[in-house]
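Subject: Structure handover

Dear colleague,

Here is the structure I said I would pass on. My notes on it follow below.

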Amino acid sequence: MTERETFVIRHSNPRWRDVVERAISAFRQWAERGEVELRLSELTRTLDQNAAMWPALSDFAKQVAWPHTVSGHWSIGLMSKESWKAVLTAAFEQEIEMAQGLSGGTVMVGASTSKYGKRKMGDFLTFVRAEGNERGVVWSEKANDTFAEYIDSRRAA
């Protein structure tokens, strides 16, 4: 046996139950040899899910004016898609962690979509779309296409 084994269970695989049985069997074999640690985790977000986020964030950046600081002074205006990602991720995470910036501003910390599992990333994309709809964002064709792809992939999961 190797030092580590990984079993990926995808319900799209018609034999996913066989994979579960192989994983259980492997766990029993490992446990018989001595102490063993078993970790279960959801699959991390997909590259498609990550890609689906950026057209929507671009639409926010082009259409929604928001209070933010520019050169240390408050302004209301358009922000970059990266800034919108930080604002929306913080809102999705209930805006619970902040730190003082090195020059006196405030920085949201802790939230990172790269650490999201597939389900949570899907929930985040749903949240982004709902927030945009509430703020009157007119979705670009690219954002609508990626949302449609995301919705289809969520149904298939």
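Helices H2 and H3 are roughly perpendicular to each other (the class for angles of 65 to 115 degrees; under 35 is roughly parallel, over 145 roughly antiparallel, and the rest oblique). The angle between H2 (residues 47-63) and H3 is about 105 degrees, and their axes lie 8 Å apart. Axes are lines fitted to C-alpha atoms, for helices over the stretch in contact, and angles run from 0 to 180 degrees between N-to-C directions. Helices (H or I, at least four residues) and strands (E, at least two) are DSSP runs numbered from the N terminus.

This is a predicted model, in which local features need pLDDT of at least 70 and side-chain atom pairs count only at pLDDT 80 or more, while totals for chains, interfaces and linings use all residues. Residues are numbered from 1 along each chain as its sequence is written, and side-chain values use heavy atoms, with hydrogens and water left out.

On the H2 side, Met53, Trp54, Leu57, Ser58, Phe60 and Ala61 meet Lys81, Glu82, Trp84, Lys85 and Leu88 of H3 (contact means heavy atoms within 4.5 Å). The contact of H2 with H3 has seven nonpolar, one polar and three charged residues. Here Ala, Val, Leu, Ile, Met, Phe, Trp, Tyr, Cys and Pro count as nonpolar, Asp, Glu, Lys and Arg as charged, and the others, Gly among them, as polar.

H3 (residues 81-92) also packs on H4 (residues 118-134), at about 110 degrees and with the axes 10 Å apart. H3 is therefore roughly perpendicular to H4. Leu88, Thr89, Ala91 and Phe92 of H3 make this contact with H4 residues including Phe124, Phe127 and Val128. Six nonpolar, one polar and three charged residues make up the contact of H3 with H4.

The axes of H2 and H4 come within 10 Å and cross at roughly 15 degrees. H2 is therefore roughly parallel to H4. Among the residues that meet are Met53, Ala56 and Phe60 in H2 and Met121, Phe124 and Leu125 in H4. The contact of H2 with H4 divides into eight nonpolar, four polar and two charged residues.

Lastly, the second largest pocket is lined by 18 residues, with His68, Thr69, Trp74, Thr106 and Val107 nearest its centre. On a 1 Å grid over the protein atoms alone, a pocket is an open set of points where a 1.4 Å probe fits, with protein on both sides within 12 Å along at least five of seven lines; lining residues have an atom within 4 Å of a point. Nine nonpolar, seven polar and two charged residues form the lining of the second largest pocket.

Regards
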